Amino acid sequence: MLRTSASRVLDDSDRDEVLALLDSDPVANVFVSSRVRAVGLNPARLGGQMWGFGPRGGLVSLCYAGANMVPVSAGPEAVHAFADRARKQGRRCSSIVGPVDAVSLLWERLEPYWGRARAIRWAQPVMATSRKPPVPADPLVRRVRPEEFDILLPACVAMFTEEVGVSPNLGDGGALYRTRVAELIRIGRSYARIDNGKVVFKAEVGAVTPQACQIQGVWVDPELRGKGHAVAGMAAVVEAAMECFAPLVTLYVNDYNRSARAVYRKVGFVEVDTFMSVLF
């Protein structure tokens, strides 16, 4: 029996315990773990709060509450506590994303207060691989250089709009999104094939921990789809990610995107979990 039924806001004094809990599932928790390892738990640096469920020394669940809300190892009691805090605080996130059981229950409790979502992705297979791709990698896929930002950005905007359903340029005119794209280029986690000043294929390594890294933003020029660029490009990014970042590579994908799932299987990914996303 837990000694508390309420969540609490964590800080840097909880860092070791938080990381131990996150490391219990390095694939599902790669995004949150990457954030904590990079900036700690101070809300000003974290870009949000980390909520904990369970007493100090006995944390059992977490919830990252920033631009995204991400429950971690959250059973029904923890979800109830996180939903109660989120309801009182009001919606500050642009999405809820994470393991399907926790997110579905969290949304069930929050929808009456937060109103309808813009879109719900009910099933998003989480895929992972720890072996060298069994298919040839595209030798022309490489790290994007800072001076190529203006070439890459339109492809990133097109990918985001296609995937999420709204342009990242809404609201602040795209300033935050441009900053994120530039930062991934700067730290060497943006990869692309660029032919004659045109992006053919691109992907980023969006989150990195010592155990795992997560690929995001996979995109092929619509005019060049069906020509094998996705398979060869992903093989190149997986090889680079394993060599430069972590031995385990993961991603998640919408269940209805059968072509993408087929690409990832060809590169060696297998399904290991299921996420759900609620988009606002």
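**Notes on salt bridges, a helix pair and some loop residues**

1. The term stands for a side-chain nitrogen of Lys or Arg within 4 Å of a carboxyl oxygen of Asp or Glu. Arg145 is partly exposed at 40% relative accessibility, and Glu147 is exposed at 60%. For these labels, buried is under 20% relative accessible area, exposed is over 50%, and partly exposed is in between, with a 1.4 Å probe and protein chains only. The pair also belongs to a network of salt bridges that links Arg142, Arg145, Glu147 and Glu148.

2. Before going on, please keep in mind that this is a predicted model, in which local features need pLDDT of at least 70 and side-chain atom pairs count only at pLDDT 80 or more, while totals for chains, interfaces and linings use all residues. Residues are numbered from 1 along each chain as its sequence is written, and side-chain values use heavy atoms, with hydrogens and water left out.

3. How many salt bridges are there by this rule? The count comes to 19. One of them joins Arg121 to Glu163, with the closest N and O atoms 3.8 Å apart. Arg121 sits in strand β6 and Glu163 in helix α6 (residues 149–164), so this pair ties together parts 42 residues apart in sequence. Helices (H or I, at least four residues) and strands (E, at least two) are DSSP runs, numbered from the N terminus. Arg121 is buried at 12% relative accessibility, whereas Glu163 is partly exposed at 34%.

4. Asp221 and Lys198 make another salt bridge, at 3.2 Å from N to O. Asp221 is in the loop between β10 (212–220) and α8 (229–244), and Lys198 is in strand β9 (residues 198–208), so the pair ties together parts 23 residues apart in sequence. Asp221 is buried, with a relative accessible area of 6%; Lys198 is partly exposed, at 39%.

5. Now to the helices. The axes of α1 (residues 15–22) and α2 (residues 30–39) come within 10 Å and cross at roughly 155°. Axes here are lines fitted to C-alpha atoms, for helices over the stretch in contact, and angles run from 0 to 180 degrees between N-to-C directions. The two helices are therefore roughly antiparallel, a label for angles over 145 degrees. On the α1 side, Arg15, Val18, Leu19 and Leu22 meet Val32, Ser33, Val36 and Arg37 of α2, where contact means heavy atoms within 4.5 Å. By class, this contact has five nonpolar, one polar and two charged residues. The buried residues of α2 include Val32, Ser33 and Val36.

6. Some backbone angles deserve a look too. Ser73 is not a glycine, yet has a positive phi of about 50°; Ser73 lies in the loop between β4 (68–72) and α4 (76–89) and is partly exposed at 36% relative accessibility. Asn196, also not a glycine, has a positive phi near 50°. Asn196 is in the loop between β8 (190–195) and β9, and is exposed with a relative accessible area of 84%.

7. Finally, is Arg116 buried or exposed? Arg116 counts as exposed, at 77% relative accessibility, and is placed in the loop between α5 (100–114) and β6 (119–129). From C-alpha to C-alpha, Arg116 and Ala246 are 38 Å apart in space, and 130 residues apart in sequence.

Definitions and conventions. Angles under 35 degrees count as roughly parallel, over 145 as roughly antiparallel, 65 to 115 as roughly perpendicular and the rest as oblique. Ala, Val, Leu, Ile, Met, Phe, Trp, Tyr, Cys and Pro count as nonpolar, Asp, Glu, Lys and Arg as charged, and the others, Gly among them, as polar.
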